[in-house]
Amino acid sequence: MDGTGLARRSVEETTAAAAEIRLRTGTPPCLATVLVGEDPSSVTYVKMKRNRCARAGIESRHVALPADATTADVVAAVTALSNDPGVHGILLQHPMGAHVDERAAFEAIAPEKDVDGVTMHSFAAMGFGLPGFVSCTPGGIMRLLDAYEVGLAGKQAVVVGRSAILGKPAGMLLLGRNATVTYCHSHTADLPSIVRQADVLVVAVGRPRFITGADIRPGAVVIDAGYNEGNVGDVDFETAAERASLITPVPGGVGPMTIAVLLEQTVAAASRQLGLS
Ligand code: NAP
């Protein structure tokens with residue numbers, strides 16, 4: 001499954017929508033990024049996201065907080081952005097350091113600006129099947145499945161991993177589309193036998209090549225959300241591709257779609273806040 005190509009088309013549409021907003025209101029969509037400390041991967045992620053914004057005609061505003069910023073400092077910075085009408089979306093990069101109450105920091109993001117889908121409001125809206133912003137990686141996974149017209153109703157979906165930003169919401173979105181969903185995690189007994197039942201398999205574990213071809217039901221659709229050192233996914237692509245009917249590569253699968261969804265949701269947030277939709 002070509003995440004790079006799909007993301008390119010999605011970003012083209014987002015770019016056109018951003019230009020339309022600017023034309024009609026005189027205001028460009030604006031994403032604020034907040035970084036606590038200088039963790040090298042976080043610095044790279046934020047820089048990449050800001051570059052992508054610039055290419056799509058989305059302004060970005062960066063707030064850099066020192067590594068010793070307290071929970072109150074982060075909450076104050078995020079609250080200021082939530083109250084700033086010139087900012088339409090907020091991306092608070094994590095990890096923020098063990099001393100910061102990350103949940104409190106995320107909850108300072110106004111729901112209408114939660115374009116990264118990290119607040120309890122967004123999570124609950126997804127659970128209730130109500131409109132709202134979804135966590136970007138699961139959102140990207142659903143767009144990939146839709147683009148390849150993968151039928152989900154009545155299918156056995158297995159999600160390996162249950163993090164609040166990835167595995168858990170991915171399973172909830174699949175359930176919302178009438179798949180029969182099973183979650184696997186670090187306490188799951190006989191994981192391979194469950195994974196082998198999957199018509200649709202989503203892997204989000206953070207362990208290189210954790211799932212191999214031998215675990216995959218022939219004809220299954222395999223989504224590898226993993227991204228490990230050395231550009232390696234959580235699925236062993238070579239062996240899995242021999243059994244799967246569709247599979248995402250790493251890189252070039254889920255990763256580009258995550259950013260595409262972030263940009264799409266930022267423009268949607270701007271459109272709503274500027275009274276266009
Ligand atoms: P995470 O918070 O560390 O969660 C990992 C999950 O895997 C947990 O639910 C854990 O189970 C489960 N797990 C760990 N070892 C296991 C085992 N031996 N058997 C079964 N389950 C096991 O990671 P995450 O943030 O969800 O990220 C997962 C992967 O996705 C990483 O490679 C990350 O880099 C990648 N990622 C990619 C994107 C993207 O844009 N493409 C975005 C975010 C993350 P417990 O809950 O029981 O501990």
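Predicted model: local features only at pLDDT ≥ 70, side-chain atom pairs only at ≥ 80, totals over all residues.

Me: Which residue in E8 stands opposite Val222?
Reply: Strand E7 covers residues 221-224 and is joined to E8 by two bridges. The two strands run parallel. The residue of E8 that stands opposite Val222 is Ile247.

Me: How far apart do the C-alpha centres of domain 1 and domain 2 lie?
Reply: The protein is divided into domain 1, residues 23-110, and domain 2, residues 136-254. The distance between their C-alpha centres is 29 Å.

Me: Why does the largest pocket lie between domain 1 and domain 2?
Reply: The largest pocket holds about 1400 Å³ of space. Its lining has 50 residues, and the closest to its centre are Tyr45, Lys49, Thr137, Gly255 and Thr258. The pocket lies between the domains because its lining takes residues from both domain 1 and domain 2.

Me: Which element gives the most to the lining of the largest pocket?
Reply: At least two lining residues come from each of helix H1 (3-25), helix H2 (40-55), strand E3 (89-92), helix H6 (136-147) and helix H10 (254-273). By class, the lining divides into 25 nonpolar, 16 polar and nine charged residues. The element that gives the most, with eight residues, is H10.

Me: How many of the 20 residues of H10 are buried?
Reply: H10 reaches 29 Å from its first C-alpha to its last, close to the 28 Å expected at 1.5 Å a residue. The helix is followed by Gly275, which has a positive phi near 80°. H10 is mostly covered, and the number of its residues that are buried is 14.

Me: What is the volume of the second largest pocket?
Reply: Helix H5 (120-128), H6 and helix H7 (167-176) each supply at least two residues of the lining of this pocket. The lining divides into ten nonpolar, six polar and three charged residues. The volume of the second largest pocket is about 350 Å³. Of its 19 lining residues, the closest to the centre are Met126, Val134, Met142, Leu173 and Arg177.

Me: Is Leu91 buried or exposed?
Reply: Leu91 lies in strand E3, and its C-alpha is 8.8 Å from that of Val46, a residue 45 positions apart from Leu91 in sequence. The relative accessible area of Leu91 is 1%. A residue under 20% counts as buried, so Leu91 is buried.

Me: Is Ala54 buried or exposed?
Reply: Ala54 is found in helix H2. Its C-alpha is separated by 9.9 Å from that of Cys30, 24 residues apart along the chain. The relative accessible area of Ala54 is 56%; the cut-off for exposed is over 50%, so Ala54 is exposed.

Me: Where is Pro251, which a cis peptide bond joins to Val250?
Reply: Omega of the bond between Val250 and Pro251 is about 0°. Another cis peptide bond joins His94 and Pro95, with omega of about 10°, and Pro95 has its place in the loop between E3 and helix H4 (102-107). Pro251 is found in the loop between E8 and H10.

Me: What is the relative accessibility of Glu149?
Reply: Glu149 lies in the loop between H6 and strand E4 (156-160). Although Glu149 is not a glycine, its phi is positive, at about 50°. Glu149 counts as exposed, and its relative accessibility is 73%.

Me: What is the relative accessible area of Arg209?
Reply: Arg209 is found in the loop between strand E6 (200-203) and E7. Phi of Arg209 is positive, near 50°, in a residue other than glycine. Arg209 is partly exposed, and its relative accessible area is 47%.

Notes
Residues numbered from 1 in each chain as written. Heavy atoms only, no water. Domains from an automatic or database assignment. 1 Å grid on protein atoms, 1.4 Å probe; cavity = no way out; pocket = protein on both sides within 12 Å on 5 of 7 lines; lining within 4 Å. Points joined across faces, edges and corners; volume = space filled by probe spheres on them. Helix = DSSP H or I, 4+ residues; strand = E, 2+ residues; numbered from the N terminus. Nonpolar A, V, L, I, M, F, W, Y, C, P; charged D, E, K, R; others polar. Expected span 1.5 Å × (residues − 1). Buried < 20%, exposed > 50% of the residue type's maximum accessible area, 1.4 Å probe, protein only. Pairing = 2+ DSSP bridges.
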